[in-house]
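Subject: Handover of a structure for your study

Dear colleague,

Please find below the sequence and structure that I am handing over to you.

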Amino acid sequence: MPVIKRKPLETTGREELVEQLFGELRVPSEKGQPLILEQPVGETENFNVYVIWDRWAGVPHSLRARIILDAYRRFDETSEQKIPIASGITTSEAIVEGLLPVKIVCLVPGALMDDEVRNAMIEEGAMESAGGLQLRFPTLEDGKATFQRLETRFPGNFGFVEERFVSAD
Amino acid sequence: MPILLADPRRTGTDTVPILERAADQRSAEADILRTAGHGLAAIYLYGYSAEMRIKAAYFRFDLRTQGLDPQSVIDHPRRSSAAGQFAMLGLLRRPGPHDVFGWAQLLVAKRASLSMRYAPAMEREVVNQAKLLADRWIETLRYRPNTPYGHEVRIVRESAAWFGLNYPRL
């Protein structure tokens, strides 16, 4: 049997992910993933970074954090001093955790069978999941621009739904 | 007649010192269960020991920075108020009652909000260890007949041990 030695992600895919995130920080895309959320911490200069991105699938959480910090460091050498929490999350993980409660849904029965509509949603960052195509956002505000673009192309086809995530104390 | 075990007069209330002692006890009991081959029960108790240490560290810091008695009661309103600060501290969601990952992030962010951050490597490790645990521990495990794999027991034990070992620095 031949011996196949694979390199760990640490040395292969890591650099590619850092580079992609760095590119996104330098020139943010108008739509799609990764979705980078910078959350201010109190009234300090610190901010937590959450990156929702399906490229994280199979990447351990600790490595995701290091990749995010590497990308920020490349973007701004002092950033590590400002980021207490860096967390990478896939869309599925974010949905389970209730981090993406706002979704844009197609209101027209059967419209999702239309490739043009589907592709438009995918271009905007929708991900295929067990529950079908999911185009989700943390807040209504975050989804407004996407909704307006879709509404312009397909008037009356889309609407917002907000799921309430109740946490007991 | 002795006071019954479930009577609050005997169990007392949650305070930092009580959580610290209970965390030590649960951890020692988990070691015994693990050695005896009761993996799920061991994970169950290791998880609680880590949860108590994370919360004790949070409230020890919170009480100190507010100039309050370190033995103050950690009651429901205090826990609820702490969790309710999630948005101000830059977290995406409110930590649930046994949410070790959420409370670990709350601890890190709380310190950062008062410009009393851990060293960056320590911040990463607090969150990382809590995540390793949270992926394998949930309080509802007690209702399940699962048998964990050996590596799952090991990871949870190591994570709980990390919080035990590093508690003085948290």
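Of the 170 residues in chain B, 49% are buried, where buried means under 20% relative accessible area, exposed means over 50% and partly exposed lies in between, with a 1.4 Å probe and protein chains only. Please note that this is a predicted model, in which local features need pLDDT of at least 70 and side-chain atom pairs count only at pLDDT 80 or more, while totals for chains, interfaces and linings use all residues. Residues are numbered from 1 along each chain as its sequence is written, chains are lettered from A and ligands numbered from 1 in the order in which they are written, and side-chain values use heavy atoms, with hydrogens and water left out.

Chain B

The secondary structure of chain B consists of seven helices and zero strands; helices (H or I, at least four residues) and strands (E, at least two) are DSSP runs, numbered from the N terminus. Read from the N terminus, its elements are α-α-α-α-α-α-α. The radius of gyration of chain B is 16 Å, close to the 15 Å that the globule rule gives for 170 residues, so chain B is as compact as a globular protein of that length. Here the radius is taken over C-alpha atoms, and the rule is 2.2 Å times the number of residues to the power 0.38. Along the principal axes, the C-alpha atoms of chain B fill a box of roughly 50 × 45 × 25 Å.

Among contacts in chain B between residues at least 6 apart in sequence, 66% join residues at least 24 apart; a contact means heavy atoms within 4.5 Å. Chain B exposes about 8400 Å², of which carbon and sulfur atoms supply 56%. Such areas come from the Shrake-Rupley method with a 1.4 Å probe, and for residues only the protein chains shown count as cover. Chain B carries 24 positive and 17 negative side chains, and the centres of the two sets lie 2 Å apart. In this count Lys and Arg are positive and Asp and Glu negative, while His and the chain ends are not counted; the place of a charge is NZ of Lys, CZ of Arg, CG of Asp or CD of Glu.

Chain A

Chain A has five helices and eight strands, and from the N terminus its elements run α-β-β-α-β-α-β-α-β-β-β-α-β. Its C-alpha atoms fill a box of roughly 60 × 50 × 40 Å along the principal axes. Of its 169 residues, 43% count as buried. Chain A exposes about 9300 Å², with 53% supplied by carbon and sulfur atoms. The mean positions of its 19 positive and 28 negative charges are 6 Å apart.

Which strands form an open sheet in chain A? Three strands do so in the order 7-4-8, with antiparallel pairing; two strands pair if DSSP finds at least two bridges between them. The edge strands are strand 7 (136-137) and strand 8 (158-162) of chain A, each of which pairs on one side only. Strand 4 (residues 102-106) of chain A is joined to strand 7 of chain A by two bridges: A:V102 has A:F137 as its bridge partner, and A:K103 has A:R136. Strand 4 and strand 8 of chain A pair over five bridges, also in the antiparallel sense, and the partner of A:V105 in strand 8 is A:G159. Four of the five residues of strand 4 of chain A are buried, so this strand is largely enclosed by the rest of the structure.

Individual residues

A cis peptide bond, with omega of about 0°, joins A:Q33 and A:P34. A:P34 is found in the loop between helix 1 (13-26) and strand 1 of chain A.

A:T44 lies in the loop between strand 1 (35-40) and strand 2 (47-52) of chain A. Its C-alpha atom is separated by 8.9 Å from that of A:K82, 38 residues apart along the chain. With which residues is A:T44 in contact, leaving aside its neighbours within four places in sequence? They are B:A112, B:S113 and B:S115.

B:S115 lies in the loop between helix 5 (100-113) and helix 6 (120-134) of chain B. B:S115 has a positive phi of about 55° although it is not a glycine. At 59% relative accessibility, B:S115 counts as exposed.

Yours sincerely,
A colleague
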